[in-house]
Amino acid sequence: MYIVELVRESLKKKTFNKKIFLELCKKLDIPIPQKLNKHNFPPLFYELIDKLKSLNIIEFCEITMDLHTITEKQKEILLNMVEHPINILIIGKGGGKDFMVSLLFNYMMFRACVEDYYEKFTRIDFVNVAPNDHLAKNVFFKEFKAWFLKCKVWQMIGIDKKKRQKAPICVLETKAEIGDKITMHSGHSRATSFEGMNALCVVADEISDPDFKNAEQLFEQGLSSAKSRFKDKARVVAITWTRFPTPNPRDDVGYRLYLDYKAVDEAYTFKGKTWEVNTRVSKEDFKAQYQKNPILARCMYECEPPELNAYFISLEALEARHKVEMGLFTWRAIYENNLIRLEFKQLQSTDKTIYCHTDLAINRDKGVIAISYFDKGKVIISDIIVLTPTLGHKIDYLSLEKFYNHLQNHFSVKFTFDRFQSEYFIQKFKGERLSKHVKLWTTFQELVEGTKEYYDATGVKRKKAKIEIRCNEDIWQKLRTQILQHQIDGDKVIYFGEGSPDLADAVVSSAYNCITHNVNAIDEEDYSYRQVFDDEEEFEEFEFGSFF
């Protein structure tokens, strides 16, 4: 057993905690001699390990962590997770998903230390994959670390909390090491690979999160990697609350996995509301969230898809408007010197007027530039440029100014900007401020669904305008989701997604500016676009030079 090696090292380096050892013996009703010595310690130790091995996961947590607050439903889920190689858990936010997986990891790490099956492996990895670095470090690993440090088995052997010094076990910023053999890693979807790992347990944390890159593919890779090495001993888990980005519930990755694995014998699938799993809370505790955003709250806490009328636009029509075609520019974001610099190259030109709308950002949200032009009755969204700030990089506004100068020198161009951080650019490039308004979104809906009527150049024949959105698949998936997570409620536009809908706002605004400058509307009492360009509002602005 690997735990014997750990205890030998612990005794040698004097990190073995005799008090914890005796406490565990007492809890398991093991007779303790009056005085421990080198003769009676080994049989006592082996009896302790045998008794710990006989415990199920609930008993293990109660004995080694003094944990007596696991709800009945959480107990049921934990016991099933131990029994099944594949686990798909769709549980409302606050239901204890990370809590349960942390307990599973601790239990399985103990089993890897004491079962003969694992003796042949020189390395065993436990892997948590989150959508982003914040969730990996500050959410899951924080929860795991708390229970790992409380576990008396690891306390008995000895834990270094910063780096390996004397104790056989250490806990670092995003990983825990048990000797040289067992490692628990917590990483994010853009930086995780199973190459070179012997993954026994893999968790895809919040797999439905739109930031989770290649979510289903990564889950299947983790499953293949773990099963190929550990067969039915492997444990692969997907945990999430649902997002339901479109009217089709299967477009939620976690929900799709839940449906697909329901008929698989070796899989345990579960879907439950927050208060059904964590019975210490009730639906009433989330009253404010339901009042503020009932559609998102239903997804978040009940894991139920919104009603069809929650989506203001036809998904089928929207999908048909996407084309993967070359735009006017190729571009990339360069991260250097604490700035994100836009680097671009013009690929082609057009004799049409282009409409450039920018949803600005500095050090949070995304900075998005959408470019469109009108050709043969169609609004062409030719380019979508996305700059994503990080904690250490803010957007280089001088590079944006360089891009706008290029547009002005090589195209007939009209500029619009959102209401924040835009005054300098509006003045320099004779742009206009375009506020978010229901008219922008109803016009976009008409373009997508092909119901936007207008008079042709003669002013006689009615025609229907459409839209074509050109971008790569990665940008399209994010844009599509943000568009679908909007709803029109009377004269209000409501966003039911997470974060800021920068992509959608930029594309919808550019499309509106383009169509209103190029057609004669049928419905003359429509809200005038000049009213939407509301320059007279007062907005908090900034000194341009202060950012450089």
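# Questions about a predicted chain

Q: Leaving aside its neighbours within four places in sequence, which residues is Asp251 in contact with?
A: This is a predicted model, in which local features need pLDDT of at least 70, side-chain atom pairs count only at pLDDT 80 or more, and totals for chains, interfaces and linings use all residues. Residues are numbered from 1 along each chain as its sequence is written, and side-chain values use heavy atoms, with hydrogens and water left out. Contact here means heavy atoms within 4.5 Å. Once neighbours within four places in sequence are set aside, the contacts of Asp251 are Pro245, Thr246, Arg256, Leu315 and Arg480.

Q: Is Asp251 buried, partly exposed or exposed?
A: Asp251 sits in the loop between β8 (235–240) and α10 (253–261). Its relative accessible area is 25%. Buried means under 20% relative accessible area, exposed over 50%, and partly exposed in between (1.4 Å probe, protein chains only). Asp251 therefore counts as partly exposed.

Q: How many Å apart in space are Asp251 and Pro31, C-alpha to C-alpha?
A: In sequence, Asp251 and Pro31 are 220 residues apart. For scale, the C-alpha trace of the chain spans about 105 × 45 × 40 Å along its principal axes. From C-alpha to C-alpha, Asp251 and Pro31 are separated in space by 57 Å.

Q: How many helices and strands are in the chain?
A: Both kinds of element are DSSP runs numbered from the N terminus: helices are H or I with at least four residues, and strands are E with at least two. Counted like this, the chain has 20 helices and 23 strands.

Q: What percentage of contacts between residues at least 6 apart in sequence join residues at least 24 apart?
A: The chain has 548 residues, and 55% of them count as buried. Among its contacts between residues at least 6 apart, the share that joins residues at least 24 apart is 69%.

Q: Which elements do the buried residues of α1 pack against?
A: Helix α1 covers residues 2–12, and its buried residues are Tyr2, Ile3, Val4, Leu6, Val7 and Ser10. After α1 comes Lys14, with a positive phi near 60 degrees. The packing partners of the buried α1 residues are α3, α6, α8 (152–157), β5 (175–178) and β6 (182–188).

Q: Is the crossing of α2 and α3 left-handed or right-handed?
A: Helix α2 (residues 18–27) packs on helix α3 (residues 41–53) at about 55 degrees, and their axes are 10 Å apart. Those axes are lines fitted to C-alpha atoms, for helices over the stretch in contact, with angles running from 0 to 180 degrees between N-to-C directions. A crossing is left-handed if the near helix is turned anticlockwise from the far one by less than a right angle, and right-handed if clockwise. The way α2 passes α3 is left-handed.

Q: Which residues of α2 and α3 make the contact?
A: Angles under 35 degrees count as roughly parallel, over 145 as roughly antiparallel, 65 to 115 as roughly perpendicular and the rest as oblique. The two helices α2 and α3 are therefore oblique to each other. Their contact involves Phe21, Leu24 and Cys25 of α2 together with Phe41, Leu44, Phe45 and Leu48 of α3.

Q: Where does α7 bend?
A: The bend at a residue is the angle between axes fitted to the seven residues ending there and the seven starting there. The buried residues of α7 are Leu135, Ala136, Phe140, Phe141, Phe144, Trp147 and Phe148. The helix bends by about 40 degrees at Phe141.

Q: What is the packing angle of α6 and α7?
A: Helix α6 (residues 97–114) and α7 have axes 9 Å apart. Their crossing is right-handed, and the contact includes Phe99 and Met109 of α6 and Phe140 and Trp147 of α7. The two are oblique to each other, packing at about 50 degrees.

Q: Which strand holds Ala465?
A: Ala465 counts as buried, with 0% relative accessibility. Ala465 and Ile515 are 50 residues apart in sequence and 8.4 Å apart in space, C-alpha to C-alpha. The strand holding Ala465 is β20.
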